[in-house]
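Biologist: I have a model open and want to learn how to read it. Can we go through a few features together?

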Amino acid sequence: MNTTSPIPADIKLHTQSKILELVYSNDECYELSCEYLRVYSPSAEVRGHGPGQEVLQTGKTNVTINAIEPVGNYALQLFFSDDHDSGIYSWDYLYQLGTNKEAWWQDYLERLNKAGASRDPDIQVVRIGN
């Protein structure tokens with residue numbers, strides 16, 4: 001854990017827009033969608049136990065956060081509507097999620113496309129030919 005990462009001064013869950021807003025004392029603010037937080041969960045279920053063991057998360061476009069609990073003075077535990085709750089989001093990781101949001105989201109969309117998968121849980125992508 002990087003102890004130099006800032007700690008949010010305010011954390012707001014916007015349930016209608018499905019956005020977790022992190023506001024920092026240095027005037028930085030990041031709006032992270034519940035879907036983004038879910039697909040980048042730091043849990044072993046998502047990240048695996050080592051390189052190459054990551055599991056691509058699909059069909060998470062409608063996921064929401066049902067609850068948030070602090071973990072000591074260093075992290076949050078997020079409880080998602082799809083019953084996923086095993087990831088511990090350190091302040092450092094939340095800051096990384098915010099500062100890398102555009103690049104990481106684009107990477108996720110490219111991996112979905114390459115896998116022929118969808119963000120929508122009701123859509124099954126079928127590829128014909130190569």
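Modeller: This model is predicted. Start with a loop: Lys 18 sits between strand 1 (10–14) and strand 2 (19–23).

Biologist: What is the phi of Lys 18?

Modeller: Near 55 degrees, a positive value in a residue other than glycine.

Biologist: How accessible is Lys 18?

Modeller: Its relative accessibility is 25%, so Lys 18 counts as partly exposed.

Biologist: Where does Asp 83 lie?

Modeller: In the loop between strand 5 (75–80) and strand 6 (88–90). Asp 83 is not a glycine, yet its phi is positive, about 75 degrees. Asp 83 is exposed, with a relative accessible area of 68%. The cut-off for exposed is over 50%.

Biologist: Now the sheet. How do strands of a sheet pair?

Modeller: Through backbone hydrogen bonds, either parallel or antiparallel. Here, 3 strands form an open sheet in the order 1-2-3, and the pairing is antiparallel. Strand 1 and strand 3 (29–33) are the edges, as each pairs on one side only. Ignoring direction, neighbouring strands of this sheet are turned by 15 degrees against each other on average.

Biologist: How many bridges join strand 1 to strand 2?

Modeller: There are 5. Take Leu 13: its bridge partner in strand 2 is Leu 20.

Biologist: What lies across strand 1, strand 2 and strand 3?

Modeller: Helix 3 does, running at about 85 degrees to strand 3.

Conventions:
Residues are numbered from 1 along each chain as its sequence is written. This is a predicted model: local features need pLDDT of at least 70, side-chain atom pairs count only at pLDDT 80 or more; totals for chains, interfaces and linings use all residues. Side-chain values use heavy atoms; hydrogens and water are left out. Helices (H or I, at least four residues) and strands (E, at least two) are DSSP runs, numbered from the N terminus. Buried means under 20% relative accessible area, exposed over 50%, partly exposed in between (1.4 Å probe, protein chains only). Two strands pair if DSSP finds at least two bridges between them. Axes are lines fitted to C-alpha atoms, for helices over the stretch in contact, and angles run from 0 to 180 degrees between N-to-C directions. Contact means heavy atoms within 4.5 Å.
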